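User: I would like to learn how to read the features of a protein structure. Could you guide me through one, step by step?

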Amino acid sequence: MKMELRNPPEDNFKKMVNIMSDKYSRTLSINSKESDFTINFQDSIKLDQNLNYELGLLWFCAYNTIFNITKDNNKFTIQTRDGHKPEIITIEPGAYEIKDLNDILSKKTNEGIKIKMDIPTSKCIMTLENIGIHFQNNSFFRTILGFTRNHYITPVVENITSENIIKIINTNTINIHCDCITGSYNNGKQTNVLYSFPSNTVPMGYKIVERMNPPNYLPLCRKYIMDINFKILNQEGELIDFNGEEISMYLHLKQV
């Protein structure tokens with residue numbers, strides 16, 4: 001009876017050589033001032049189709065310049081009771097605490113708007129004096145201070161409590177997405193997050209330095225790499241704006 005070998009001798013020999021020889025290993029140094037960027041390789045990375053590879057993040061570095069007031073949510077409109085036409089108020093983008101916002105709102109509206117936190121409920125109390133206020137759905141009055149209505153008008157003076165609690169920080173997690181890896185999940189759904197860590201580990205303006213020791217490696221899903229796309233997103237899947245500050249990463253690509 002003729003017998004067939006399960007693995008041809010040459011395949012076994014290749015595997016033995018692979019085990020005994022130095023395995024493929026490359027490091028990738030990456031810098032960008034954007035949170036959605038693509039790295040193009042001058043010489044494409046061509047990997048052996050019969051072998052497995054993993055990618056890991058060794059460290060991540062960026063300045064904590066994540067603003068809660070941005071150019072997208074920093075405007076609102078006021079209407080005074082003296083009949084003057086509505087006025088659009090703009091807050092300078094930045095990272096604000098409740099006290100900072102109260103000082104700016106009071107100054108820009110001539111004491112017409114004041115805010116404070118109600119400690120027991122973590123809600124915002126807004127005092128309007130002879131003034132009406134209107135803002136868009138993406139305004140910081142909604143996303144940060146917890147007000148759900150778009151328009152508030154008071155007869156003389158009124159204290160209004162926000163419907164929702166204050167969320168002074170809208171970025172809780174920094175997720176580094178990479179389009180050439182697989183094996184990660186977010187709330188049960190497969191995603192391409194290479195690494196995830198909490199935001200605001202350092203004060204505003206300080207440098208975030210996240211070192212992985214040991215690195216967490218994830219399987220590579222491509223064996224021919226011309227480019228790699230990275231996205232730095234928050235827990236809501238929104239791009240994190242580092243306001244032009246440089247993002248640096250150091251990665252390790254290795255054969256398993």
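User: Is Tyr-53 buried or exposed?

Analyst: A residue is called buried when its relative accessible area is under 20%. This is a predicted model, and in it Tyr-53 has a relative accessible area of 5%, so this residue is buried.

User: How many aromatic pairs does the structure hold, and how are the rings of Tyr-24 and Tyr-53 arranged?

Analyst: The structure holds 11 aromatic pairs. To read a pair, one considers the distance between ring centres and the angle between ring planes; an angle over 60 degrees counts as edge-to-face. The centres of the Tyr-24 and Tyr-53 rings are 5.8 Å apart and the planes stand at 90 degrees, so this pair is edge-to-face. The pair links distant parts of the chain, 29 residues apart. Tyr-24 belongs to the loop between helix 1 (9–20) and strand 1 (25–32), while Tyr-53 belongs to strand 3 (residues 53–63).

User: What kind of aromatic pair do Phe-37 and Phe-230 form?

Analyst: Planes under 30 degrees apart count as stacked. Phe-37 and Phe-230 form a stacked pair, with 25 degrees between the planes and 5.5 Å from centre to centre. This pair also links distant parts of the chain: Phe-37 is in strand 2 (residues 36–46) and Phe-230 in strand 17 (residues 224–233), 193 residues apart. Phe-37 is buried, with a relative accessible area of 9%, and Phe-230 is buried with a value of 0%.

User: Which residues form one aromatic cluster?

Analyst: One cluster is formed by Phe-76, Phe-135, Phe-140, Phe-141, Phe-147 and Tyr-152.

User: Where does Gly-146 lie, and which residues does it contact beyond its sequence neighbours?

Analyst: Gly-146 lies in the loop between helix 3 (140–143) and strand 9 (151–153). Leaving aside neighbours within four places in sequence, Gly-146 is in contact with Phe-141, Ser-162, Glu-163, Asn-164 and Ile-165. Of these, Phe-141 also belongs to the aromatic cluster. The C-alpha atoms of Gly-146 and Ile-166 are 5.3 Å apart, although the two residues are 20 residues apart in sequence.

User: How far apart are Glu-246 and Lys-33 in sequence and in space?

Analyst: Glu-246 and Lys-33 are 213 residues apart in sequence, yet 4.5 Å apart in space, C-alpha to C-alpha. Glu-246 lies in the loop between strand 17 and strand 18 (247–255) and is partly exposed, with a relative accessible area of 42%. Not counting residues up to four places away in sequence, Glu-246 touches Asn-31, Ser-32, Lys-33, Cys-61 and Ala-62.

User: What is the phi value of Asn-130, and where is this residue found?

Analyst: For Asn-130, phi is near 55 degrees, a positive value in a residue other than glycine. Asn-130 is found in the loop between strand 7 (123–129) and strand 8 (131–134) and counts as partly exposed at 34% relative accessibility. Its C-alpha atom is separated by 37 Å from that of Asn-172, 42 residues apart along the chain. Ser-122 likewise has a positive phi, of about 60 degrees, although it is not a glycine. Ser-122 is in the loop between strand 6 (113–118) and strand 7, and its relative accessible area of 29% makes it partly exposed.

User: How many helices and strands does the protein chain have, and why is it described as more spread out than a compact globule?

Analyst: The protein chain has three helices and 18 strands. For overall form, one compares the radius of gyration with the value from the globule rule. Here the radius is 26 Å, well over the 18 Å that the rule gives for 256 residues, so the chain is more spread out than a compact globule. Along the principal axes, the C-alpha atoms fill a box of roughly 100 × 40 × 30 Å. Buried residues make up 38% of the 256 residues.

Terms used. Residues are numbered from 1 along each chain as its sequence is written. This is a predicted model: local features need pLDDT of at least 70, side-chain atom pairs count only at pLDDT 80 or more; totals for chains, interfaces and linings use all residues. Side-chain values use heavy atoms; hydrogens and water are left out. Helices (H or I, at least four residues) and strands (E, at least two) are DSSP runs, numbered from the N terminus. The radius of gyration is taken over C-alpha atoms; the globule rule is 2.2 Å times the number of residues to the power 0.38. Buried means under 20% relative accessible area, exposed over 50%, partly exposed in between (1.4 Å probe, protein chains only). Rings of Phe, Tyr and Trp (its six-membered ring) pair if their centres lie within 6.5 Å; planes under 30 degrees apart count as stacked, over 60 as edge-to-face and the rest as tilted. Contact means heavy atoms within 4.5 Å.
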